[in-house]
Amino acid sequence: MITDLKKEIKFNSGYIIGISFISALGGYLFGFDFAVISGALPFLRKEFALDPVWEGFLTGSLALGCIVGCIIAGRIAEKFGRKPGLQVAALIFAISSVGIAFSTGLTYFLVLRFAAGIGVGMASMLCPMYIAEISPAQVRGRNVAINQLTVVLGILITNLCNYFLADAGDNAWRWMFGLGTVPAAIFLIGVIALPESPRWLIKAGRHEEAEKVLYKIGSEGFVTSTQEAIEKSLKGGAKKESYRAVFEKAVRPAVLVGITLAVFQQFCGINVVFNYTSTIFASVGSSLNQQLFETVSIGIVNLVFTLLAMWQVDKLGRKPLMLIGSLGLSILYIVLAYLLQNQLSAKLVSIFVLLAISTYALSLAPITWVLIAEIFPNKIRSVASTVAIVSLWAAYFVLVFTFPILAKVLGTYGPFYMYAGICFLGFLFVLKKVKETKGQTLEELEDNLIRH
């Protein structure tokens with residue numbers, strides 16, 4: 001049990017962590033679809049005779065589906081609750097995974113990868129939001145970071161599967177995508193056991209149900225204080241969220257910070273490393289087997305430093321980690337670009353790629369999701385989260401679509417000089433505009449960030 005002696009409030013930490021992990025299985029789906037393309041691309045280039053434009057579009061088609069998924073998720077989450085949205089996301093993903101495995105042409109593949117993106121987009125929005133809404137302030141950062149941990153596990157396990165399936169012949173990519181059905185089915189079953197978000201229940205006027213959920217999470221003192229804080233935060237606002245409310249003067253600064261952080265997390269460039277590992281290492285002479293092995297190394301480092309971030313996010317805080325990450329990536333990209341430009345050792349390239357991955361995993365990867373889940377008021381959280389995460393996926397599409405084209409024009413190294421500059425600008429933005437949020441309830445944050 002976690003105890004706050006000053007307020008005599010106790011939390012059922014085992015229950016909180018359990019439901020956080022179940023809901024965070026949606027992050028695993030995100031990690032799976034994020035990683036599977038890296039292992040499958042060498043086969044898909046041959047299967048569909050891809051040029052740089054089509055390679056970028058095929059990779060980015062997931063993001064286009066994610067944008068639609070975020071919009072759908074926001075409406076479902078507001079009208080029906082967080083739990084039904086998670087169930088729909090799992091079902092869509094399971095069906096699309098089977099369909100992709102049996103693709104008969106490029107158009108068919110793109111349509112189904114777009115559909116998979118709808119499921120991933122829904123999960124990417126709803127999972128962090130749900131975890132933030134059921135977690136006490138003292139452990140909220142760690143719990144939301146659990147979602148990033150499952151993303152990372154999805155990437156690592158998928159990379160391992162890709163590595164071992166690589167010798168299965170020209171149809172290896174079908175097995176790579178088809179395996180996504182397994183985590184989707186597990187997620188769908190797990191969501192059935194989840195309670196609805198107590199904050200959504202109170203907003204919907206279902207106070208008795210909310211109270212039952214809160215008693216499972218903590219003691220009577222916790223239940224009373226949480227109910228009072230939620231109801232206070234909802235006073236004076238319309239029950240129905242609207243996109244117009246997201247851009248009202250009072251909340252506009254928080255929304256702009258959320259959108260900027262979401263876009264920065266993508267334009268920082270690290271997802272190029274995840275999605276185009278084979279392209280990067282092929283440019284310095286690595287074999288296909290070595291390229292796939294590098295994806296496994298990336299997955300392991302990503303996991304280790306995500307665990308470190310979970311340990312530190314509620315200790316060091318959000319802002320220091322974001323500052324370390326943005327400035328660190330800026331420096332590492334300059335070195336990496338130089339190594340690629342001069343065709344230096346693949347081992348040196350590998351070292352700096354892994355350093356960049358570790359820096360990202362410790363900072364921008366989990367902390368961006370934590371902040372997006374925290375900084376918006378209760379009254380507009382689902383639609384504001386939708387706006388921020390749609391911006392994130394739009395930026396992801398631009399990033400992965402443009403990289404093959406930029407790499408062809410500028411060389412593989414060229415884009416990394418650009419990403420270095422973006423990371424430095426991100427460092428300045430975080431330094432000036434982002435406020436620390438650790439240790440405050442969602443309602444206290446609303447009071448401190450919005451009303452003051």
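**Salt bridges up close**

Modeller: Arginine 318 is buried, with a relative accessible area of 0%. Keep in mind that this is a predicted model. The partner to look at is aspartate 314, which forms a salt bridge with arginine 318. Their closest N and O atoms are 2.9 Å apart. Aspartate 314 is partly exposed, at a relative accessible area of 21%. That value is not under 20%, so aspartate 314 does not count as buried. Glu374 joins in as well: Asp314, Arg318 and Glu374 are linked in a network of salt bridges.

Now widen the view. The whole structure holds nine salt bridges. One of them pairs arginine 174 with glutamate 47, with 3.9 Å between the closest N and O atoms. This pair links distant parts of the chain. Arginine 174 sits in helix H6 (residues 172-178), and glutamate 47 in helix H1 (residues 13-48). They are 127 residues apart. Glutamate 47 is partly exposed, with a relative accessible area of 35%.

Next, find lysine 203 and glutamate 78. Their side chains meet in a salt bridge, 3.2 Å from N to O. Here too, distant parts of the chain are linked. Lysine 203 lies in helix H8 (residues 198-203), while glutamate 78 belongs to helix H2 (residues 52-79). The two are 125 residues apart. Both lysine 203 and glutamate 78 are buried.

Methods. Residues are numbered from 1 along each chain as its sequence is written. This is a predicted model: local features need pLDDT of at least 70, side-chain atom pairs count only at pLDDT 80 or more; totals for chains, interfaces and linings use all residues. Side-chain values use heavy atoms; hydrogens and water are left out. A salt bridge is a side-chain nitrogen of Lys or Arg within 4 Å of a carboxyl oxygen of Asp or Glu. Helices (H or I, at least four residues) and strands (E, at least two) are DSSP runs, numbered from the N terminus. Buried means under 20% relative accessible area, exposed over 50%, partly exposed in between (1.4 Å probe, protein chains only).
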